[in-house]
Every structure is written in C-alpha cells, then in structure tokens.
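Welcome, and thanks for taking a look at this protein with me. Please have the sequence and the model open side by side as you read.

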Amino acid sequence: MKKAPISWNWSDIYTSTPCERALVKGLHELRRYPYAGHGVIMGTFRYDWQERDEVLGLFGKTEATATRRYAEFVGRGEPWTTA
C-alpha cells in the first residue's frame, strides 16, 4: 500500500499563529518569542524537547548554512511537502 503524502506549511506552524494573533510583528520578533519553535531553530532559545539539529539537518550540513536556509524558507512561506 502506498503511503499518502503528508503536506503542511511550516510557516503556518512556526509563524502564522503568533503573527495572526498580533503577538509578534514578523519574523524579527518571532525569533525572540519564547512560545513558538522558531526561536529554538534560530538559536535564540534552547529546549531539550525540541529537535533543533534534526530540523536544521533538512536545510544544510553546517549550522550556519542550515540556519540561513531555514530562515529564508520560513520567510518565503512555502509549503513543506513530503511523500
């Protein structure tokens, strides 16, 4: 049986909810917002339960490259799709 593709928009998960609720005014503030995962991925916060390295590994081999690519990806608001 073929697995159904899973699709979600990472920018919805990490950005839209706090922004829509006017808790932050864009990605520059979201990076410092402690109740969303974006700050952890960007290196502002550390939570033992959040898999930062696993997420960044999807965007590059070095931390600097992966962080930059992740930030660009979230900034564009592209959907994340995996099959």
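What follows is a short tour of the fold, the core, the aromatic rings and the charged pairs.

## Ground rules

This is a predicted model, in which local features need pLDDT of at least 70 and side-chain atom pairs count only at pLDDT 80 or more, while totals for chains, interfaces and linings use all residues. Residues are numbered from 1 along each chain as its sequence is written, and side-chain values use heavy atoms, with hydrogens and water left out.

## The overall fold

Let us begin with the layout. The protein has five helices and two strands, arranged from the N terminus as β-α-α-α-α-α-β. Here helices (H or I, at least four residues) and strands (E, at least two) are DSSP runs, numbered from the N terminus.

Of the 83 residues, 35% count as buried; buried means under 20% relative accessible area, exposed over 50%, and partly exposed in between, with a 1.4 Å probe and protein chains only. The accessible surface comes to about 5,900 Å², and 53% of this surface belongs to carbon and sulfur atoms. Those areas come from the Shrake-Rupley method with a 1.4 Å probe, and for residues only the protein chains shown count as cover. Among contacts between residues at least 6 apart in sequence, 37% join residues at least 24 apart, where contact means heavy atoms within 4.5 Å.

## The nonpolar core

Which residues make up the largest nonpolar core? There are nine: Ile-41, Met-42, Val-55, Leu-56, Phe-59, Ala-66, Tyr-70, Phe-73 and Val-74. Helix 4 (52-57) and helix 5 (63-76) each supply at least two residues of this core, and the largest share, four residues, comes from helix 5. A nonpolar core is a set of buried Ala, Val, Leu, Ile, Met, Phe, Trp, Tyr and Cys residues joined through side-chain atoms within 4.5 Å.

## Aromatic rings

The model has five aromatic pairs. Rings of Phe, Tyr and Trp (its six-membered ring) pair if their centres lie within 6.5 Å; planes under 30 degrees apart count as stacked, over 60 as edge-to-face and the rest as tilted. Tyr-33 and Tyr-35 form an edge-to-face pair, 5.6 Å centre to centre with 75° between the planes. Tyr-33 is buried, with a relative accessible area of 17%, whereas Tyr-35 is exposed at 70%. Phe-59 and Phe-73 have ring centres 5.5 Å apart and planes at 50°, so this pair is tilted. Phe-59 sits in the loop between helix 4 and helix 5 and Phe-73 in helix 5, so the pair ties together parts that are 14 residues apart in sequence. Phe-59 and Phe-73 are both buried.

Phe-45, Tyr-47 and Trp-49 form one aromatic cluster. Tyr-47 lies in the loop between helix 3 and helix 4 and is partly exposed, with a relative accessible area of 26%. Leaving aside neighbours within four places in sequence, Tyr-47 is in contact with Pro-34 and Val-40. A polar atom of the Tyr-47 side chain lies 2.9 Å from the backbone oxygen of Pro-34.

Is Arg-52 buried or exposed? At 6% relative accessibility, this helix 4 residue counts as buried. The Arg-52 side chain reaches the backbone oxygen of Val-40 at 2.9 Å. Not counting residues up to four places away in sequence, Arg-52 touches Val-40, Ile-41, Met-42, Gly-43, Arg-46, Glu-63 and Thr-67.

His-38, in helix 3 (residues 38-41), is also buried, at 4% relative accessibility. The C-alpha atoms of His-38 and Arg-52, 14 residues apart along the chain, are separated by 9.6 Å.

## Salt bridges

Side chains of opposite charge can pair when their charged atoms come close. The structure holds two salt bridges, each defined as a side-chain nitrogen of Lys or Arg within 4 Å of a carboxyl oxygen of Asp or Glu. One joins Glu-63 to Arg-52, with the closest N and O atoms 2.9 Å apart. This pair links distant parts of the chain, with Glu-63 in helix 5 and Arg-52 in helix 4, 11 residues apart.

Glu-72 forms a salt bridge with Arg-68, where the closest N and O atoms are 3.4 Å apart. Because Glu-72 and Arg-68 are four residues apart in helix 5, about one helical turn separates them. Glu-72 is partly exposed at 39% relative accessibility, and Arg-68 is partly exposed with a relative accessible area of 43%.

Conventions:
A polar contact is a pair of N or O atoms within 3.5 Å; within protein, one must be able to donate a hydrogen and the other to accept it, and residues adjacent in sequence count only if both atoms are side-chain atoms.
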